[in-house]
Amino acid sequence: MNSNKKNARMAGLLYLLMGVTGAFGLMYVPSTIMVAGDPAATTDNIVNSELLYRLGIISNLICQTSFIFLVLALNRLFNGVNEKQAKLMVSIVIAAVPVAFLNELNQIAALHLLSDAKYLKVFAPDQLNTLAMIFLNLHEQGTFIAGIFWGLWLFPFGYLVIKSGFIPKVLGILLMIGCFAYLIDSSAALLIPQLKSAITNILMLPLAIGEISMILWLLVKGVKDRKPDLIEVN
């Protein structure tokens, strides 16, 4: 197996790990824990399912750690296609990961407020529930901010796929569509939150198709045993 195939397989594995942990931490756990409009029920779920809640935090951290190693593997794979775009792709991810990491502090803060720490006894239970919900809502907003970066990196990634000559161009086009889907989703959440759910439901399909297709191609097909059709240095 040549170096390109090894890098493609490694990228596929890391992308899969990132997808699984991200789906668990950002989708499954919140859907199980959060109860819209009911802080008491939400905080009860956190207390009663503390292990699940903590696993969600750990999964998000694993997801973002995998993101770094993923983009480094992709950089090795595509650096000979267009060095400038490869560096841009890496730079966006390096900027995104700290945002997502710091955002997890909001979830940790919510958990801490619901602990039995003695100095928290000065607050009434309803006050603690409200404070916890503030941090949970901040985490949600922080995820939308991180989502801007999660979209942006897909554009140079898609461009590199299109130009590579060893991965189908249609996958690059799907990634670029995913870029704009992420950007629209995050922008809608920050500008018109009342329409967030409806917009997300519409955009989930192109988001899923592009990234899942790329994961499967890297894992199952890998890359062709030939050099890129076009080499660009800037």
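Reading a helical model

User: Which residue takes a positive phi just after H6?

Analyst: Gly165 does, at about 85°. Before going on, note that this is a predicted model: local features need pLDDT of at least 70, side-chain atom pairs count only at pLDDT 80 or more, and totals for chains, interfaces and linings use all residues.

User: How do I describe two packed helices?

Analyst: Give the angle between their axes and the distance between the axes. The axes are lines fitted to C-alpha atoms, for helices over the stretch in contact, and angles run from 0 to 180 degrees between N-to-C directions. Take H6 (residues 154-164) and H7 (residues 169-191): the angle is about 170° and the axes lie 7 Å apart. H6 is therefore roughly antiparallel to H7, a term for angles over 145 degrees. Residues making the contact (heavy atoms within 4.5 Å) include Phe157 and Val161 of H6, and Leu175 and Cys179 of H7.

User: What do buried, partly exposed and exposed mean?

Analyst: Buried is under 20% relative accessible area, exposed is over 50%, and partly exposed is in between, with a 1.4 Å probe and protein chains only. Of the 234 residues of the protein, 45% count as buried. In H6, the buried residues include Leu154, Phe157, Leu160 and Val161.

User: Is Val71 buried or exposed?

Analyst: Val71 counts as buried because its relative accessibility is 0%. Val71 sits in helix H3. Leaving aside residues up to four places away in sequence, Val71 touches Met89, Val90, Val93 and Trp153.

User: What does Leu61 touch?

Analyst: Beyond residues up to four places away in sequence, Leu61 touches Phe101 and Glu104. Leu61 also belongs to H3, which covers residues 50-78. At 24% relative accessibility, Leu61 counts as partly exposed. Its C-alpha lies 9.2 Å from that of Val97, 36 residues away along the chain.

User: Where is His139 found?

Analyst: In helix H5, residues 125-152. His139 counts as buried, at 8% relative accessibility. Among the residues that His139 touches, not counting those up to four places away in sequence, are Leu26, Asn60 and Glu104.

User: How far apart are Lys84 and Lys118 in sequence and in space?

Analyst: They are 34 residues apart in sequence and 54 Å apart in space, C-alpha to C-alpha. Lys84 lies in helix H4, residues 83-113. At 56% relative accessibility, Lys84 counts as exposed. Compare His139 and Ile108: they are 31 residues apart along the chain, with 9.8 Å between their C-alpha atoms.

User: What share of the contacts comes from residues 24 or more positions apart?

Analyst: Among contacts with a separation of 6 or more, such residues account for 78%.

User: How many positive and negative side chains are there?

Analyst: Lys and Arg count as positive, Asp and Glu as negative; His and the chain ends are not counted. The protein has 16 positive and 13 negative side chains, and the centres of the two sets lie 16 Å apart. Each charge is placed at NZ of Lys, CZ of Arg, CG of Asp or CD of Glu.

Key: Residues numbered from 1 in each chain as written. Heavy atoms only, no water. Helix = DSSP H or I, 4+ residues; strand = E, 2+ residues; numbered from the N terminus. Parallel < 35°, antiparallel > 145°, perpendicular 65-115°, else oblique.
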